[in-house]
Amino acid sequence: METEPEQTKKEPGRPKVYSDNLMVFALIIKFLMGLTYRELQGFLTSFFADLRVKTPDFRTIHYRFKKLSEKLEKLSIDFDSLPNNFVIAIDSTGIKRYNRGEWNKKKHKKKSRKGWIKIHAAVDVESKQLVALEITEENIHDSKMAMPIVQKVETKAKNRGKKLDKVLADKGYDTRNIFDKLKEKGIFAGIIPRKGSKVKGNSARDDAVRKIRRVGIKKYKEEIGYGKRNAVESFFSVFKRRFGEHVESRKWETIRAEIVLKAFIVSSFMKGNHSSLWCVGK
């Protein structure tokens, strides 16, 4: 494990004593084992004791974690492993800011509201790997984040000669704007219109409504492969079962970094390839 001082032209100032890779390794251990920063320091000291490797203290790890926010969001996604024409499923879920517990709130009759955080994710339905992630406050509607996510995935895919062929999403993304914009990009909108939807023009959404009227909702879902949307639901299920439904961090920059790191840990495990976890320092 590299622990020699490292210096880059983009990062003036005192050279780093510990590499970004070492910090990412430490943080993965922290969140997988549910350790505090002091406990993590003790674990690292014991783990590397026989190797005589100098390890960071808890203050250094916490400080560097805040500084790693941007780099963690640029963790490499293996688009090269995706088929030339791939399909993604998008969805969102909410998690609590703090783990105060329902019992504790009832006992002390606290009604203070700390709010929720929304995680918007796009998952490749075949490989089950995460291909895009956005983190917002709870008041941002799912439909507002659909096109930013699609644009991010489409841009990265084009750079590698891949094409986003279809987007699967639930009724929360049922808007004419999303249907039409996806059609303009040559992407099929695998979104189920709300029950009782009417044809009001010649939009891409109207085409879906007409098709459902002809063949029925069940057959339509089968034709567009709507069942594969469970890839993103499975992602969120694993995320919450592994890390719970709250974040440990308090400040927004570390909240974002924590969620991104946890998300890529889950993605790596679901895909069965752990190499993407170690590219942050490259």
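This report walks through a predicted model, taking in a hairpin, a helix, the nonpolar cores and some ring contacts.

Let's start with the strands. S2 (residues 116-124) runs antiparallel to S3, and seven bridges hold the pairing. Ile119 faces Ile135 of S3 across the pair. S3 itself covers residues 130-137, and seven of those eight residues are buried.

Five residues separate the two strands of the hairpin. Lys128 sits in that loop between S2 and S3, and its phi is positive, at about 70°, even though Lys128 is not a glycine. Most residues other than glycine have a negative phi.

Which residues touch the most other members of the largest nonpolar core? They are Leu27, Leu72, Leu130, Leu133, Phe235, Ile259 and Leu261, out of 48 residues in that core. Elements giving two or more residues to this core include helices H2 (37-47), H3 (58-67), H10 (230-243) and H11 (252-271), along with strand S1 (85-96).

Leu133 is a handy one to click on. Leaving aside residues up to four places away in sequence, Leu133 touches Ile119, His120, Ala121, Lys152, Val260 and Ala263.

## Helix H1

H1 is mostly covered, with 11 of its 14 residues buried. The buried set includes Leu22, Met23, Val24, Phe25 and Leu27, and also the charged residues Asp20 and Lys30.

Just after H1 comes Gly34, with a positive phi of about 65°.

## Rings and charges

Across the whole structure, a search turns up eight aromatic pairs. One of them joins Phe79 and Phe86 edge-to-face, with 6.3 Å between centres and 70° between planes. Both partners are tucked away: Phe79 is buried at a relative accessible area of 1%, and Phe86 is buried at 0%. Elsewhere, Phe25, Phe43, Phe47 and Phe48 make up one aromatic cluster.

Two charges also sit over rings. Lys30 places its charged end over the Tyr37 ring, 4.3 Å from the centre. Arg242 lies over the face of Phe243, 5.8 Å from the ring centre.

Definitions and conventions. Residues are numbered from 1 along each chain as its sequence is written. This is a predicted model: local features need pLDDT of at least 70, side-chain atom pairs count only at pLDDT 80 or more; totals for chains, interfaces and linings use all residues. Side-chain values use heavy atoms; hydrogens and water are left out. Buried means under 20% relative accessible area, exposed over 50%, partly exposed in between (1.4 Å probe, protein chains only). Helices (H or I, at least four residues) and strands (E, at least two) are DSSP runs, numbered from the N terminus. Two strands pair if DSSP finds at least two bridges between them. A nonpolar core is a set of buried Ala, Val, Leu, Ile, Met, Phe, Trp, Tyr and Cys residues joined through side-chain atoms within 4.5 Å. Contact means heavy atoms within 4.5 Å. Rings of Phe, Tyr and Trp (its six-membered ring) pair if their centres lie within 6.5 Å; planes under 30 degrees apart count as stacked, over 60 as edge-to-face and the rest as tilted. A charge sits over a ring if NZ of Lys or CZ of Arg is within 6 Å of the ring centre and within 35 degrees of the ring normal.
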